[in-house]
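Please work through the exercises below with the sequence and the model open beside you. Try each task before reading its solution.

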Amino acid sequence: MNLLLKIWRQKDGNSKGKLVDYPISDIEGDMSFLEMLDVLNQGLIEQGEEPVVFDHDCREGICGSCSLMINGEPHGPDRLITTCQLHMRRFRDGDTIVIEPFRATAFPVIKDLMVDRTAFDRIQQAGGYISVNTSGHTVDANAIPIEKEKADESFNAAACIGCGACVAACKNASAMLFTSAKVSQFALLPQGRVEATERVQNMVRQMDLEGFGNCTNTGACEVECPKGISLENIARMNREYLMATTKG
Ligand code: SF4
Ligand code: FES
């Protein structure tokens, strides 16, 4: 395939960025999207030009770092996959592909296609853990019976990889789907109930402090989420928050 790539280039967070055209040829359908970018970068390096900076790590849908806006969709045109799982067979010879970073005030651009998503880390640090006494009297996790349905729901919420596609897809740049997944994975289990009141308040407070927008129930986040995180988590977080704040 021969393609025209229009890629966002931006020197750093303080510089203005712009879309730059890069024609690319001999791209095979079996290549992953990131391999296609590797080919582009190899060519740029050989010509003495600066390669395009993009984030990636596992390249198998686990780490959540390959955050690219492809033709206006986070992680590209397919559902329930990350950018690194997208293959070039999804495109046709002669296509133009626009590649931009995830855009949100709380995700400032570091360089080119790489954004700073440490706001998510700070939300998790604000309460996304449970305190366990490890003094030698720790109860074996299997000694606590948990309904299968609850365990499955918690596991589904824990599948969130923190990629940020939900934020990029949302017209308000809301982080409610991410935060609610992190709140839910604990709120559904007895081990997470102990600190549930503080956790939801701390995580929502941090989410607001980071500058993410409000949820207006558009549902774009759920559609674009590569891990199928459900909007039900947002409803659960709202209930948890209401209970926590009315408790005082
Ligand atoms: S909820 Fe989905 S889209 Fe949002 S960060 Fe988690 S995995 Fe990514
Ligand atoms: S590189 Fe890890 S999810 Fe894509």
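This is a predicted model: local features need pLDDT of at least 70, side-chain atom pairs count only at pLDDT 80 or more; totals for chains, interfaces and linings use all residues.

**Exercise 1. Find the order of the five strands in the open sheet, and state which strands lie at its edges.**

Solution. The pairs can be taken up in turn, and the order read from them at the end.

- Strand 1 (residues 3–9) pairs with strand 5 (residues 96–101) in the parallel sense over four bridges, and here the bridge partner of Leu5 is Ile97.
- Strand 5 also pairs with strand 3, in the antiparallel sense and over three bridges, with Met69 standing opposite Glu100 of strand 5.
- Strand 3 (residues 68–70) is joined in turn to strand 4 by two bridges, and these strands run antiparallel; in strand 4, Pro74 is the bridge partner of Met69.

The order of the open sheet is 2-1-5-3-4, and the pairing is mixed. The edge strands are strand 2 (18–24) and strand 4 (73–74), each of which pairs on one side only.

**Exercise 2. Decide how helix 7 is oriented relative to helix 9 and relative to helix 5.**

Solution. Two packed helices are described by the angle between their axes and by the distance between the axes.

Step one concerns helix 7 (residues 196–209) and helix 9 (residues 232–247), which pack at an angle of about 110 degrees with their axes 9 Å apart. Angles of 65 to 115 degrees count as roughly perpendicular, and helix 7 and helix 9 are therefore roughly perpendicular to each other. On the side of helix 7 the contact is made by Ala196, Thr197, Val200, Gln201 and Val204, and on the side of helix 9 by Met237, Glu240, Tyr241, Ala244, Thr245 and Lys247. By class, this contact of helix 7 with helix 9 has six nonpolar, three polar and two charged residues.

Step two concerns helix 5 and helix 7, whose axes come within 10 Å and cross at roughly 170 degrees. Angles over 145 degrees count as roughly antiparallel, and helix 5 and helix 7 are therefore roughly antiparallel to each other. Here Thr179, Lys182, Val183, Phe186 and Ala187 in helix 5 meet Ala196, Arg199, Val200, Met203, Val204 and Met207 in helix 7. The contact of helix 5 with helix 7 has eight nonpolar, one polar and two charged residues.

**Exercise 3. Describe the shell around ligand 1: which residues come nearest, and which helix gives the most to it?**

Solution. First, there are 14 residues around ligand 1, and of these Cys160, Cys163, Ala165, Cys166 and Cys225 come nearest. Second, helix 4 (165–169) and helix 5 (176–187) each supply at least two residues of the shell, and helix 5 gives the most, with three residues. Third, the shell around ligand 1 has 11 nonpolar, two polar and one charged residues by class.

Terms used
Residues are numbered from 1 along each chain as its sequence is written. Chains are lettered from A and ligands numbered from 1 in the order in which they are written. Two strands pair if DSSP finds at least two bridges between them. A residue is near a molecule or strand if its C-beta atom, placed from the backbone, lies within 6 Å of it. Ala, Val, Leu, Ile, Met, Phe, Trp, Tyr, Cys and Pro count as nonpolar, Asp, Glu, Lys and Arg as charged, and the others, Gly among them, as polar. Axes are lines fitted to C-alpha atoms, for helices over the stretch in contact, and angles run from 0 to 180 degrees between N-to-C directions. Angles under 35 degrees count as roughly parallel, over 145 as roughly antiparallel, 65 to 115 as roughly perpendicular and the rest as oblique. Two residues are in contact if their C-beta atoms, placed from the backbone, lie within 7 Å.
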